[in-house]
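Subject: Handover of a structure

Hello,

I am passing this structure on to you. Please look at it first, then read the notes below.

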Amino acid sequence: MKRREFITLLGGAVAWPLAARAQQAERVRRIGVLMGWPESNSESQSQLASFVQELQKLGWVEGRNLRTDTRWWIAADPESTHRFAKELVALQPDLILSQTTPTTAALLQETRTIPIVFAVLADPVGSGFVASLARPGGNATGFVVMEGSLGGKWLELLKEIAPRVARVALPFNPTTAPYAEIYLNDVKAAGASFGVETITAPVRDSSELESVVAAQAREPNGGLIVIPDSFTVAHSAEIISLAARYRLPAAYPVRFFAALVGLLSYGNDVNDNFRRAATYADRILKGEKPNELPVQAPVKFQLVINLKTAKALGLEVPAQLLGRADEVIE
């Protein structure tokens, strides 16, 4: 073989594995997404968009090196979460993004091998999803959306904006919020210190919501503190409408309640959790294991006050409270 031919052949041999590695690096990875709120919920859409946008910043682009398959909870179909979990696991994605406690529970029933990153969980240890926050120990890890101490904060804020409140009902769905006790206990403890009666109000369907709200309105100085779960999120418009009709001041856990003319909300910036979930997805796609990534607590919180709703309820919002608000809706 001539020297020039040998050099050409050698150069081709070197170039081939480089090209192969480049092709392998750009191979399409697959992410399943199981959302625990309805597709019609604008906040849920925003959360997923935050996840996708952060992935793009990290180099994962839909149609180039990434494919996502998304399923949304259907409020009228209680079994939809389990059915969609089966569908996503059957696709054998590289990882699955899970939004809520019910979606994570459904996914873990279907797989203990595919990595799962959850974004909106209250109590992953108590729910049995991870062994501990520092050492998850299985195929799931992610981000906690709330802390139990927020229960007391909701009552504190409600009393600040509506000082006459003497009784609060705490609506939640036991099926979609098995973790509710961590909030209920904190609200009850705060209620004892504020001299406010707290009433646990489990609701399992929308017909029970009006009964709870109407019962609060039969006596003066009633109020509501809505516990975060996929049921209360799905029925947010109905809850807010009932609170307005019966003229009850209410505190909510997520911003979009206030955006939908709820009185006030205080809680984790959920979009931030989804951005952080994208960083975990990136690390897993690059080879890290879920059990190597600790569950992380929320770091950004938002206080939102709807001034128009306060005026409709005849409430004067203290200037000091307005000054602390991250957003005031007029």
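**Notes on the model**

A106 has a relative accessibility of 0%, so it counts as buried; buried means under 20% relative accessible area, exposed means over 50%, and partly exposed lies in between (1.4 Å probe, protein chains only). This is a predicted model, in which local features need pLDDT of at least 70 and side-chain atom pairs count only at pLDDT 80 or more, while totals for chains, interfaces and linings use all residues. Residues are numbered from 1 along each chain as its sequence is written, and side-chain values use heavy atoms, with hydrogens and water left out.

A106 is part of helix α4. Helices (H or I, at least four residues) and strands (E, at least two) are DSSP runs, numbered from the N terminus. Leaving aside residues up to four places away in sequence, A106 touches T81, H82 and A85; contact means heavy atoms within 4.5 Å. V299 is 193 residues from A106 along the chain, and 27 Å separate their C-alpha atoms.

**Overall**

The protein has 13 helices and twelve strands. Of its 330 residues, 51% are buried. Along the principal axes, the C-alpha atoms fill a box of roughly 100 × 40 × 35 Å. Among contacts between residues at least 6 apart in sequence, 71% join residues at least 24 apart.

**The five-stranded sheet**

An open sheet is formed by five strands in the order β2-β1-β3-β4-β5, with parallel pairing. Two strands pair if DSSP finds at least two bridges between them. The edges are β2 (66–72) and β5 (140–144); each has a single partner strand, so one side of each is left without a neighbour in the sheet. On average, neighbouring strands of this sheet are turned by 15 degrees against each other, direction ignored. For such angles, axes are lines fitted to C-alpha atoms, for helices over the stretch in contact, and angles run from 0 to 180 degrees between N-to-C directions.

Strand β4 (residues 116–121) runs parallel to β5 and is joined to it by four bridges. F118 has G142 in β5 as its bridge partner. Two helices that pack on this sheet come next. Helix α3 (residues 80–90) touches β1 (29–35), β2 and β3 (95–98), and its direction makes about 175 degrees with that of β1. Helix α11 (residues 270–285) touches β1, β3, β4 and β5, and its direction makes about 170 degrees with that of β4.

**The seven-stranded sheet**

Seven strands form another open sheet, in the order β7-β6-β8-β9-β10-β11-β12, and here the pairing is mixed. β7 (197–202) and β12 (327–329) are at the edges with a single partner strand each, so one side of each has no neighbour in the sheet. From one strand to the next, the twist averages 20 degrees.

Within this sheet, β10 (residues 264–268) is mostly covered, with five of its five residues buried. Strand β9 (residues 250–252) runs parallel to β10 and is joined to it by two bridges, and A251 has L264 in β10 as its bridge partner. Five bridges join β10 to β11 (residues 301–306) in the antiparallel sense, with S265 opposite V304. β11 pairs in turn with β12, parallel, over three bridges; there I305 stands opposite V328. Helix α5 (residues 150–161) lies across β6 (167–172), β8 (222–225), β9, β10 and β11, at about 155 degrees to β10.

**Cores**

A nonpolar core is a set of buried Ala, Val, Leu, Ile, Met, Phe, Trp, Tyr and Cys residues joined through side-chain atoms within 4.5 Å. The largest has 82 residues, of which F51, W154, I161 and I225 touch the most other members. Its largest share, eight residues, comes from α11. Not counting residues up to four places away in sequence, F51 touches I31, L97, F274, A277, A278 and A281. Another core, of 18 residues, lies apart from the largest one and has A106 among its members, along with V89, I96 and V295.

**Pocket**

A pocket is an open set of points on a 1 Å grid over the protein atoms alone, where a 1.4 Å probe fits, with protein on both sides within 12 Å along at least five of seven lines; lining residues have an atom within 4 Å of a point. The largest pocket is lined by 22 residues, and W73, P78, P102, T175 and T176 lie nearest its centre. α4 (101–110) gives the largest share of this lining, three residues.

Regards
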